[in-house]
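Here are a few friendly notes on the sheets and the helices that cross them. Please keep the structure open as you read.

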Amino acid sequence: MTAPAPLRHAEHVMGTVFSFTVRDPTPEIGEALRRAVERLHRIDRVFSTYRPDSDISRLGRGELTPAECDPEVAEVLERCREVTAETDGWFSDRPGGVLDPSGWVKGWAVEEASRLLRAAGSDRHSVGGGGDIQTCGGPWRIGVAHPLHPGELIAVVAGHDLAVATSGTAERGPHILDPHTGRPATGLASLTLVGRRLARTDAWATAAFAMGPQRALAWAARHPQVEALAVLPDGSTRHTPGLRRHLATG
Amino acid sequence: MRRAIVAGTATVAGVILLLSLKPHNSGAGAVSSRIISSDTSSTPSSAPSAGQSSPAASAAASPGSPSASATRTVTGSAIDTRYGPVQVRVVLDGKKVSRIDVIQYPQESGRDLEINSYALPQLNQEAIAAQSAQIDAVSGATYTSDGYTRSLQSALDQAGL
């Protein structure tokens, strides 16, 4: 069995870098990668809060009604409402009072890109966006960045068909708002969730980060779809019991 | 589509060191005051060792690269960011990125230092990790320094990768 060289691509979009690794490249899958990249840029045009002319910006300013927006806007806002309910109100599509569904959109965009590759026949690829990763097939080894020691990892997750999302303060400082107080959440240095599908895993990680360590771990333990790794500001770690099965042993 | 950030793959002890789970207390303070390097070239690229069974090791032997053994250095464009210019230099063994140095980055103020001491090693790590046989990707390493990746991209574009 000779493995072809993996197809790799990095794309600047949504204010970050999306990276693709395709272990089973074919011309069809290469074409799907091109479409996935176009899809990311289209999602950015509709949902970016940094573009004054995006549907989301115009909707937030009251210049558009939901019905006048791209049809995916209503769908995304519905998903956000679901996540808010699933996380007992610890997720918001209006952090700081301004319409901003980014907490859902980025992970969803990564998952969409992966879906397009799968539809073209790829069952061995990894797509990452801003440090949140969706893998298909495997095994894949995903490092979890140490939030307090730059350049180091605090854990390595390994397995098949995993979604890994990390929310943290290390690079951008406190930037995730507690939706209940409107103030930055500071109880954790980082919170990583390991699940299967990135859109929900990523949005849940944002919510769980805002919860702080005790509530986040208790909440994650009630949700068998995900396992959690929490790094506290003093560098100590806590995790859900089921995380162990995802940790790389070699 | 052809602007892949990393075209080759490598089995590299340097990366493994960089990504080691062992605690390194020297990390955060040391990095902001010197050129930040990620050396990945501790294994000669022309001699894949027999015991290696990683997929990347086999991929590294892919044909069609006549100058695969040449080592060259390519300097990326200096990219202006809101914090100042960022510039990287890439060392290539054939088509393989063996080292990335950040040769210019903002250091005028404490805030810049703070930003750099966090962002750049992380960026190095992720750029290198993308071609590491040991780690396929890093979660939690976001690219906040657009300048780094754009300079790196320009270097790789110049190199024809």
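1. Ile142(A) sits opposite Val157(A), a residue of S6(A). In this predicted model, S6(A) pairs with strand S5 (residues 140-145) of chain A in the antiparallel sense, over six bridges.

2. These two strands belong to an open sheet of three strands, ordered S6(A)-S5(A)-S6(B), and its pairing is mixed. Strand S6 (153-159) of chain A and strand S6 (137-139) of chain B form the edges, each pairing on one side only. On average, neighbouring strands here are turned by 30 degrees against each other, direction ignored.

3. Do have a look at the open sheet of eight strands in chain A as well: its order is S1-S2-S3-S4-S7-S8-S9-S10, with antiparallel pairing. Strand S1 (7-13) and strand S10 (237-239) of chain A have a single partner strand each, so one side of each lacks a neighbour in the sheet. Neighbouring strands of this sheet are turned by 10 degrees against each other on average, direction ignored.

4. Within that sheet, strand S4 (residues 132-136) of chain A runs antiparallel to strand S7 (residues 163-168) of chain A, and two bridges join them. Ile133(A) has Val164(A) in S7(A) as its bridge partner.

5. Which strands does helix H4 (residues 102-119) of chain A lie across? They are strand S2 (16-22), strand S3 (125-129), S4 and S7 of chain A, and the helix runs at about 155 degrees to S3(A).

6. Helix H6 (residues 213-221) of chain A lies across strand S8 (190-195), strand S9 (227-231) and S10 of chain A. Relative to S9(A), helix H6 of chain A runs at about 170 degrees.

Terms used: Residues numbered from 1 in each chain as written. Chains lettered and ligands numbered in written order. Predicted model: local features only at pLDDT ≥ 70, side-chain atom pairs only at ≥ 80, totals over all residues. Pairing = 2+ DSSP bridges. Helix = DSSP H or I, 4+ residues; strand = E, 2+ residues; numbered from the N terminus. Axes fitted to C-alpha atoms, helices over the stretch in contact; angles between N-to-C directions. Contact = placed C-beta atoms within 7 Å.
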